[in-house]
Amino acid sequence: MRRDIGCNRMDHAVSRRSFLGASAAGSAVVGGLLTAAQAEQVRSGQKRILQIFLQGGVSQFESWDPKPGTRLGGPFRSISTAVPGMEICELLPHTAQRMDKLSIVRSINLKTNSHRVGQLRMEKGRIAGEYPYVGSVGAKYFTPPDARLPGFIHISTRGITDNTNAFLPAQHAQLKLEGVKAPSNLVRSDKLSEEAAKRRDEFRRRLSERFSASRPGQKAYTEAFESSFTLADRLISQKSLFEAEPSAKDVERYGSHPFGLRCILARELLMNGGTCVKVTHHGYDTHAENFNFHLEQLGEFDHTFCMLLDDLADAGMLESTLVLVHSEFGRTPKINQRYGRDHWGASCSMAMGGCGIVPGAIVGATNKEGTAVSEREVASGHLFHTYFSALGLDTASDHDIPGKSIPIGDPAAAPIEELLA
Amino acid sequence: MTNPEESNGIGGRPEAPPLPEMPLDVTKSHVAAEFKHEVALTTCRIDPTGRYAFAGAEDFNVYRWEIDGAAESKTIFKGHNSWVRCVDFSPNGELLFTAGYDDHIGIWNTADAEPKPIAMIEAHKGWVRWVRVSPDGKLLASCGNDNLIKVWNLPDGTLLREFAGHERYPYAVVFHPDGKRLASFDLMGVLREWDLESGKQLRSLEAKFMWGFDQKFRADMGGARDMCFSDDGKTLAVAGLTEVTNAFAGVHKPMILLVDWDKAEPQHKFKVDSYKGMAWGVRFHPDGFVMGVGAPQSGNKGAVWFWKPGEEKAFHTVTLTHCGRGLDLTPDCRRFAVAQFDGSLRVYQMTDKAS
Amino acid sequence: MSPSRTSAVHGLPLPALVVLLACAVAAADGPPPPPLPEDFVVSQVSPPLHPQIDELISTASPGFADHAADVCPDAEFIRRVYLDLAGTIPSAEVTRAFLADATPSALKRQQLINRLLASPQHARRMQYVFDEMLMERRPGTTIPVAEWQNWLRQAFLDNKPWNQLVQELLAADGVDKEKRPAAKFYLDRNFDVDLITRDVGRVFLGVDLECAQCHDHPSIDGYLQRHYYGITAFLKRSYLFTDPKSKQKVLGEKAEGDVKFTSVFTQEEGATPPRLLNLPAIVDPEGTEKQYEVKPDGKNRGVPKYSRRLQLAGAMISADNIDFRRNIVNRLWAMMMGRGLVEPLDLRHADNPPSHPKVLNLLADEFLSHDYDVRWLLRELALSEAYQRGSRTQTKSDAAATDYASALLKSLSAEQLAWSLMEASGVTTQTLAAQQAALLKSDPKNGPAKKDDPLWQDDVLHKALKPHVDQFALQFAHQGGQKTGFESTANQALFLINGSLVQGWLTPANNNLTDRLRKLDDNAAVAEELYVSLLNRIPTGDEIAEVTTYLDAVSERDPAIQEIVWAVLASAEFRFNH
C-alpha cells in the first residue's frame, strides 16, 4: 500500500491543441515499413522515451553486473555480448546480442532500500521533494503540438496512482492504462450523436473557463480538471489503437504473456503519436527463490524486450527514442535462507540506450564481490541529468514554467558525460 | 558413542565402530556428529556403504566427511562451476554423480583422497537439477532447465534417451525400483511417468496443490524439492510446498505428498499447518513412517518431521538449529543426516543416548 | 476565562444576541424566524475558539487585511458547508429556503451549522472521512465492511470523543462481539507489526516513520530508528490468533519479548522499551514478565497480566501526548479548509513545520480542554471567517501554500461527488420516495411516522444507493493515506463523458431533474431550476441567456436539456467545493 503525496501545482495556461481526428491506427512494423503518418513522425525528429520498469528490484547479479564464481555471486554464469569485453548474466542471452545498442551503469547508489523511496528517486532524479517523473518531463518537452495521444502513458496493472507531474501542467501527468485493457468508457452512447457530444462539451468548457477565470488565484485545480477532458478526447479519438487485437505474428514474437502484450501496445503507442511510454514488468522482489524467479522473469523480459528494441530500430526510431531499463533498487549480495536476495540500493545497475546515448559503454563498477560501488558512484540525479541531456535539454537550466525557478536536474548532480554521444 | 579422536588420536577411522544396539526411538533423536562448513549447504546424502556423508554447498563444491570420523575428514570435490543440489551413487557406492547448475553432471570416485571428476558430461541446456542412478547401476537419469529428462548409459556416459513433455522445469526425476520406469515432477506440480524401453510417457498426475501462481508478482512457485520411491515401489514421496500466499516472500507451507503409485493418485498429504516454509527432503523409513526436513520462511527453526501414513500430524518433530535443506538416512536407517543453511551437516541418531 | 456568557455568534454576549433577535423579529414583515435548535450551545467556559483562530490568522501575515476576501455569499456558504459537514450538496428546495430566509446571515449560518452537525448525514460524512483516514481504502480481509462502517457511524452519531475512539481502536483484541469492529485497524492489516507501526505513526501522530525502520531517517532529522521501534515495542508481543471454536481471528499477546534493532547503514544496535516518540518510555512493571491470565497455546489466545498493547492505547491518548491532538486537529482543519496546517498530513518534522504554528497549538490545546469533542471543533471551524471567506481571489493562493485570506478550492471526494450528483439529478429523491412507498406498504402501522425519520431515511438511502457510491469510489478514489489535493485522470473524465451510470441519471423519468426541466416552457425558468438544483445558486442574466441560446439552437428540446444538465455537472463549478 502506498500513499500519494499532495503535490504542488503551477500556474500555467493550458492551451488546448487541436488534434488530428483522423484515424491513425498503426499496424505492426516488421521489416521497416511505416505508414506515411509514422514516417512523417520519424522525419519530424520527434523525440520519445521508452521506459521499462522492472518492478520489485531486479538483481544486478542476475542481470547487468554478474559476479560469477564469487562468494556471493550465485549459481549463474556470465556470457559475452555483442560488445567486446562486456559480459552480462546468462539469463539475458538475446539482450546480450544487442548490447551494441545499449549501455550499462553499474555504480548506482540510491541510498535506500525502500521500494517507494527507490522508485521515487529513480523517477524524479531527486532525493526527496515534489518533482515530476521522467515520463512527465519528457511529455512536457517533447510532446508535439498536434500529438494524438497523451504525452506520458504508463502501461501497468497495479501500483499507486501517482501524481507524476508535480508542478508541471496536469496534461503531462501519466495516463495509466490497466495492462493492455482499453480504457473504459471510450465508446459514446448511441443516443448521443457526435454533434451533440461536441456542442455539449463546448458548453461545459465555457462554463469551466468562466469558473476558472473567477478564481484566478487557484488555476492549478481547474486546469487539471480541464486537462483530463482534453486527454479523454484524445483517447476517444484513438480508441482503435487500444481496441485493436495484436497480430498473431506479434504475439508469437513478443509472447502472449502480459509483458509481451504490453510491449506490443507500447510499440503501437510510440509509433502512433505517443511521446513517453512506460511499461512495468512484474515482479522482481525475490526475497525467496531469487534464482528460480529471475529465470522466469528475465526469461520473459529478455526476448520480449529485444523484439521491441528490434522493431524500433527497424523503424529508424531508435536514434530518436531514449530507451531505459531500470528498477527501484537492486538485490543484496548476501543470499538468504530462502535462496533469496533482499533489497539493495547501495550498488545497483541499469541499462539505457537510444537517443543521444553512447552505445556499448559500461559506466562505473562494483567491487569483486559486488558488495559496494568501487568506481564512479552515481545517484539517481546523475541518471536523470543523463537522460534529458541525451534528449537535448540543458538539464542545469530551469524548467520552462512561469513564475518558478526549478532546475530540471538536481543541482547536486550532473550528466554522466561518458554516456552522452 | 565414543569420540573417535580419543580412540586413535588421528581423527578419521577407516571403519565405523560398532554402535550400541539401542532400540530405535525417533523421539529420542539426538545429535551424534556435527560437521561444519562456512558456506550454506544445499543438499546432503549418505553413501550406500554408510561411511560417508556428502553435502553440496553454495560455493560450488561438494564436501565429504566420514560420518564416524572427525572434522578433519572433510574433503572437497571441486569441479563444478555452479551449485550442486543433488547427488547420487552407484549401487555399490563406488561412484558419485553430481548434478550441477553449470549444465554438467560430474562423475567421481566416491572414496578418492584427492577427488577430481572422472568425467563432466554436458548434460542439459541450463541447470541440471537432479540425477539418479538406476537400481542396476547401468543407467543415469537427469532432468534440467531445458525441460528434458535424459537417460545416460553408464559407465560411458552416452545419451540413451530423451524424454520431452514437461512444459516447465522438471525439478526431480527418480527410477522406479523395478528399473523400467521413471517418474519426474515439475514446477507446475505435474508428475509424469516414463517408460524406459519404449521411450514413451505413460501416466501423468497433476498435483496442483504443490504449486501456486502468485498473481501479485506474476511468478509460478512449486516443484519437487526431493523425491523418492518406497523400496517396494508402491508409493512415491514428493517434498515441496503448498498453499502459496506470497511467493516472493516465501510464504507457503511445507508439504510431503505420498502418491499411490498403482493408482497414480495422491494417497496422503502431510502438511505442517503452523509452519511457514518449505519441505526440502523426504525419506521412507522401513519401520513404516515417513520423514521430512524443512526450512522456515524466517528464523532458525528448521525441522525434521516424522509422520505415520494416515495420520495428519507428525508424531514427532526434531527442531534444528537452522533451516534444513537436505535429509538422508544411513543404510541401517538408525541415523539421519541433515544439511543446514548455516553450513553445518549434522548426523542424528534415532535412539536414546548410550549411557 | 471570561465569566460573562457569550454566544457562539462572533463573541457577542448573550443579551446582545437576544436584542439582535428581537430587532430582527420586530423589523421583519414576515413570520418570526424559527427558534434556535435545541442543541444550540452557548459557550460558558471560555471565549469561543473561532474568533481566536481568526485573530491569529490575520496577524500571521503582514497586510492580511488588504487582500483578505469577504465572507462568501449565502449561496456559496450553503453549498460549502453542506458538502463539508453532510457530504452532499443541498437539495434545490433547501437551497431556496435558505436563500429566501430573512434571518440575518450570521445567525442563519450558525443555525444551519448546528442542524447539519446534528443530522444523520453528518455522521455518515464523518464515517466516510474517518474510514479513509483509518483504513485508507485497503481491501478488507477480516472485519466485514458494513459492521465497521456502522460502528464508525454510530461513534459519530454519539459524538464519541476522539480519544475514546482511538482508545477503542488501539486496545481492541476482537474478542467481544460488540467491540469487535474496532479491531479492524489491527486485524485488517493482518496484524503486520511493521505496517501497523508505520500506520500508527502516520494516522495518529502525524509522522511517517517508514524509513526509520532500518536507520535514522537520512534526510529527516527528527525521525529516529528508536522512534519506530518504540512503537513496535508496544505491538511486538501481540499476534493474530484464530480462535479454534469461533474460527474468528482475534489478537493474543505474549508476556515476554523485547525489541532490538540494527541500523542497516551503521550496523549499530539499539533496543527500546515501548515508547511513543519522545515521551517517556513505559517500562514493564517488575514481575510481570511471563505472567499470564490465560497462557497461550493451541486453543487459547494468550492474555498476559500486563499488556503492552493496552499501554499503547493509554499512552496515545494521554494528555502528555501533544502529537496526538496536533495530528487530529490538523486533519480536521484540512478537511474543512482544504489544506492542513502541516502538509503532507503525516509528515510533520523540524524542517516541515506548520504554516501557522500558533493556530495549530491553539486548536490542539482547546481540543484537549473540550475533551476531544470533534463536533465542537467542527462547529468552531465552520463559524470562523477563515472558513467562511469567499474563494474568488486575485492574488495567487492555492493548496501549495496559503494564508487563508480566501477560501481554497477543495476536491470533492468520491462519495461527495456521488451523493451530490444523485441529489442534483433527482436519484436521491426518487429512491427515497420509492423506499417510503415500500415502507408504507410493509409497515402500515409505524410507517407513516418512520418514513419521515431522518435516521431511517439516511439508512435506507445508503443501503439502496451504495452500489453507485462504490462505483464512484472505484473511479475517483485511490488507496492510500488521507491527503489534500486534487487529481483528475482521463479515466475519470471518460466516466463522466461516456459512463452509462451518469448518462442514465440524465434520462428524464419520474420527475427527476431532466424530467422537471423539460416540462418547463420558459427557458428562464429552466435556467433557474437548473442552477439551483446543480449549483445551489441563482443564475446570472448572462447565464440565463446562455441557456436560452443553447435550447433555442437545438431542434429537439429533450436531448438539449440533457446536454446542458450534463455540461453543468461535468463543469468545474460542480466538481469542486468552493
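This tour moves through a predicted model, from chain A to its interfaces, then into chain C and the aromatic pairs.

Residues are numbered from 1 along each chain as its sequence is written, while chains are lettered from A and ligands numbered from 1 in the order in which they are written. Because the model is predicted, local features need pLDDT of at least 70 and side-chain atom pairs count only at pLDDT 80 or more, whereas totals for chains, interfaces and linings use all residues, and side-chain values use heavy atoms, with hydrogens and water left out.

**Chain A**

Begin by selecting chain A, whose secondary structure comes to 11 helices and 14 strands; helices (H or I, at least four residues) and strands (E, at least two) are DSSP runs, numbered from the N terminus. Of its 421 residues, 64% count as buried, where buried means under 20% relative accessible area, exposed over 50% and partly exposed in between, with a 1.4 Å probe and protein chains only. Among the contacts in chain A with a separation of 6 or more, 75% are between residues 24 or more positions apart, a contact being heavy atoms within 4.5 Å.

Next, pick Phe61(A), over whose ring the charged end of Arg341(A) sits, 4.2 Å from the centre, and then Phe53(A), where Lys278(A) lies over the face at 5.2 Å from the ring centre. A charge sits over a ring if NZ of Lys or CZ of Arg is within 6 Å of the ring centre and within 35 degrees of the ring normal.

In helix H5 of chain A, select Asp201(A) and Arg205(A), which are four residues apart and so separated by about one helical turn. Their side chains meet in a salt bridge of 3.4 Å, N to O, the term standing for a side-chain nitrogen of Lys or Arg within 4 Å of a carboxyl oxygen of Asp or Glu. Both Asp201(A) and Arg205(A) are buried.

**From chain A to chains C and B**

Now show chain A together with chain C, where the contact takes 50 residues from chain A and 68 residues from chain C. The area buried between these chains is about 5100 Å², of which carbon and sulfur atoms give 59%; buried area is the accessible area (1.4 Å probe) that two parts lose on being put together, summed over both.

Five salt bridges are found across the interface of chain A and chain C. Arg206(A) and Glu546(C) meet in a salt bridge at 3.4 Å, N to O, and Glu563(C) pairs with Arg199(A) at 2.7 Å. The latter pair runs from helix H27 (residues 557–569) of chain C to helix H5 (residues 194–214) of chain A; Glu563(C) is buried, with a relative accessible area of 4%, whereas Arg199(A) is partly exposed at 23%.

Turning to chain B, the contact takes 28 residues from chain A and 38 residues from chain B, and the area buried between the two chains is about 2600 Å², with 54% from carbon and sulfur atoms. The count between chain A and chain B is three salt bridges; look also at Glu289(A) and Arg225(B), whose side chains meet in a salt bridge at 3.0 Å, N to O.

**Domains of chain C**

Colour chain C by its domain assignment, which gives domain 1 (1–45), domain 2 (49–59 + 67–121 + 321–393), domain 3 (126–317) and domain 4 (414–575), with bounds that come from an automatic or database domain assignment. The C-alpha centres of domain 3 and domain 4 of chain C lie 42 Å apart, and 12 residues of domain 3 are in contact with 15 residues of domain 4.

Between these two domains the buried area is about 1000 Å², of which carbon and sulfur atoms give 48%. On the domain 3 side, Tyr128(C), Arg137(C) and Arg153(C) lose the most area to domain 4, together 54% of what that side buries. Glu415(C) forms a salt bridge with Arg137(C), with the closest N and O atoms 3.0 Å apart.

**Aromatic pairs**

Finally, select Phe225(A) and Phe486(C), an edge-to-face pair at 6.3 Å centre to centre with 65° between the planes. Rings of Phe, Tyr and Trp (its six-membered ring) pair if their centres lie within 6.5 Å, and planes under 30 degrees apart count as stacked, over 60 as edge-to-face and the rest as tilted. Both Phe225(A) and Phe486(C) are buried.
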